[in-house]
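Visitor: Please show me how to read this model. I would like to start with contacts.

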Number of protein chains: 2
Amino acid sequence: MHPGTLDEIDTPAVVIDVDRAMANIDRAQAYADAHGLPLRPHIKTHKLPFFAHAQMERGAIGITVQKIGEGEVMADAGLTDLFLPYNIVGTDKLKRLRALAERTTLSVTADSAATVKGLSAAFAGADRPLAVLVECDTGMGRCGVQTPAEARALAEIIDRAEGLAFAGLMAYPAVGKPAETQAFFAETIADLAAAGLQARVVSNGGTPDLWRAHEVTAATEHRPGTYIYLDRYQVTKGVGTADDCALTVLATVVSRPTATRAIVDAGSKALTADTLGLPGFGAVVEVPGVLVSALSEEHGFVDLAAAPNGLSVGDRVRILPNHACVVSNLFDVVHLVSGDRVVDVLPVAARGRVG
Amino acid sequence: MHPGTLDEIDTPAVVIDVDRAMANIDRAQAYADAHGLPLRPHIKTHKLPFFAHAQMERGAIGITVQKIGEGEVMADAGLTDLFLPYNIVGTDKLKRLRALAERTTLSVTADSAATVKGLSAAFAGADRPLAVLVECDTGMGRCGVQTPAEARALAEIIDRAEGLAFAGLMAYPAVGKPAETQAFFAETIADLAAAGLQARVVSNGGTPDLWRAHEVTAATEHRPGTYIYLDRYQVTKGVGTADDCALTVLATVVSRPTATRAIVDAGSKALTADTLGLPGFGAVVEVPGVLVSALSEEHGFVDLAAAPNGLSVGDRVRILPNHACVVSNLFDVVHLVSGDRVVDVLPVAARGRVG
C-alpha cells in the first residue's frame, strides 16, 4: 500500500522528515568521530526501533533508555546494548531489570546506598554482575550524588555489593556548564584511583551542549537525545536551525473567531504544555513569526496579530513544538515523510512506557 | 484474578478512588436534579466507558466527547447519545462523522460558514439531518461566534443547509462569569425568535462554576467534565475539597540527593506540564504542604524545604495533579481502588484519540 502524501494525513499528526533526522544523526556522529567521543543516543526522543537501529548503523556504540519499559521494547526489537541511567527501585521493577539484563548488555545508575542495596539483592547469584554507574549531580540539581567524595563512597559500596560491578560515572549536566561537569568528573576519577577503583565508563549527556561535548574530556561517551529531531528549544540553543528540525505536528485550522485568532486542532494533547521557558507552545512553520500562544486539550490558540489574514478554516499547518520528545509520547503513530511523500507510518513502540 | 492492593501497584500509576468518583457524580446529579438542569458529562476527563455508563445510570441525559475518536470509542461501548462540541473540518473526519451519526444520536457545533459548508456536504442525502449547534464565545476567547448577531446569522445558514438541522447554542464559558454567558444566550435566543428559529438545546459547560450552573437560566443542559475526579485546580475553585479528589498518581521516591530535594518516578510523562496557573505540578498527599516543584520527563522534583525528613528512597506517595483530564490521557490503564483494595484495572479506552 502506498502510504500517500502529506496532504492525505489526517490531523493532528506527528510528521517526521526522515531526511532531516538522518542528516542530524550523521552530523552528530561526524562530530563525535572527529573528537573520538562515542555516542550512545537516548531513544526517549523518538521511541522508535527504526531510528534506534539507524543510530546504531551510523556508528552509535549502544543506546540509552530512561525506563525499563523502554528498554524492554528496544530489546524486543533487537537492540542489545542498553544504558538505563535511572535509579531502579521496587520489587517488580528489579525483577524486570534482571530479566532484561539476562538478554542484553545492560548498565544502570544509582545515586544512593538504598538503590544499590535493592540492585544487589536482585542480582545476587546472577551469571553476570550488573554494571552500575554512579549518577553525579554536576549542576543540574536533579538526581545524583552531590560531591566527588560522595561519588567515591558510593562507588566503593557498589564495588563491594554482591551481584554488581562498579562501572563508572554518569551525569545529566546543567546546560552551558561543561566545565563544571568536567571538573566533577576529573576530581572523582582521581579520588577513585586513590581508592583503587576505575571509572571504565564516564557518560555525559544532553543535546543543548552537544557541540561542546568534547570539552568534557573525561567523558568516554555522550548521550544526546533530542539531536535527532531538534525543536524550538534546541534552535534557541544554537544546536541547529529551524530547517534542521525533523519533527512537526500537522494541524488543521478549525476556527477563525476573530481577526487575530485562529484555533487549530492541536492542543496540549498534541503539543504538551512544556514551554522550556520559551514564549508560546510552538511556531507555525508556514506563517513566520506566528506562535501557538495558548493551549486547551484539543485547541491550539494561534495569535495572528502579526499576520491577520494568515490563515483560514481548513488550512493545514505544521507546528514546530518547543520540545520534541514529549510530543512523541502523545501519539500512537508517527508519519515518516521525505519531502511531501509519506514513506512510512510507524507505531511509537516505546510510547507511554512510564515504568 | 484478585487485582490486589494499592501496595502491589507498580509506579508510576493512575489510581482512581472509585467511591469518591461515584460520590462526585451523585453530588453533581443531585444538584442538577434540584435545579431541573440536565447533565451531559464530558468524558474527556476519564476516557472510560465504565464511568460513562455510570454517569448515564445516575441520571445523565447523554455524554459529551471532544474528538470523533472519543465518540467512536464510546459508541463501540454502547453509549448512544453523543454531543461533539467541535468544528469538524476535513474530508476524512467528515466521513467518520457521518458513519458515527448513523449509529448514534449525534450533535455537533460549528462557529463558521466554512465548517457548516463541510458538514452539509458530508450529510447531504443522509436519512436524518445532523443536529448542529452554534458555538458562542461568551468570554472564554477560544472558538465561537463573537456576538449574538453572528450567532443568529450562522443559525440561519445552518437552518438552510442541506443535511443539517439547527439545534441550538453552545458555550464553553469563561470561569467565574455565568452572567455573561446568560446574557449572550438570552440575547441570541431573542434574536433567533425574531428570525423564526428556536434553540432547542442551549448547552453550557465546565466544572469550575458547576455549582453556579443554574445561574445560566437559558441553559437546557450542563456539560461538566473534571467534576468526576476533581484536581488541585478545581479545589482552588472551591468545587470540592482535597478529600473529594478521586484521581492521584502513585509514585515512588527514587532519589534523595539533598536534604530538601526528593525525586519521584512521576515526571511530565505522568503529571503533564499543565500548571493551570498554580504553583508546582502536583501536591504530595502524604506530606501536607509539599509540592512537585519541577518536572523532567521521568523525574518529579519534590521540594522538601517544608519537611526535610519527609521522604526516603523507596517511599510510595500519591500525587494530586493540577489537572486530572490530561493525566488520564498519558496512561494506558488506570487502577480503580476502594480504600486500599484494587477493584479493577481498566484500559483508558479513549486515550490518545487526538483526531
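Visitor: How many residues of chain B are in contact with chain A?

Guide: Two residues are in contact if their C-beta atoms, placed from the backbone, lie within 7 Å. Here 49 residues of chain B contact 49 residues of chain A. The model is predicted: local features need pLDDT of at least 70, side-chain atom pairs count only at pLDDT 80 or more, and totals for chains, interfaces and linings use all residues. Residues are numbered from 1 along each chain as its sequence is written, while chains are lettered from A and ligands numbered from 1 in the order in which they are written.

Visitor: Which element gives the largest share of the side of chain B that touches chain A?

Guide: Helices (H or I, at least four residues) and strands (E, at least two) are DSSP runs, numbered from the N terminus. E9(B) gives the largest share, six residues.

Visitor: Which residues of helix H5 of chain A are buried?

Guide: Buried means that 20 or more other C-beta atoms lie within 10 Å of the residue's own, placed from the backbone. In H5(A), residues 113–123, these are Thr115(A), Val116(A), Gly118(A), Leu119(A), Ser120(A), Ala122(A) and Phe123(A). Their cover includes helices H4 and H6 and strands E4, E5 and E6 of chain A. Just after H5(A), Gly125(A) has a positive phi of about 85 degrees.

Visitor: Where do the domains of chain A lie?

Guide: Bounds come from an automatic or database domain assignment. Domain 1 spans 18–227 and domain 2 spans 242–347. Their centres, over C-alpha atoms, are 33 Å apart. The contact takes 13 residues from domain 1 of chain A and twelve from domain 2. Helix H1(A) supplies the largest share of the domain 1 side, five residues.

Terms used:
A residue is buried if 20 or more other C-beta atoms lie within 10 Å of its own, exposed if 12 or fewer, and partly exposed in between; C-beta atoms are placed from the backbone.
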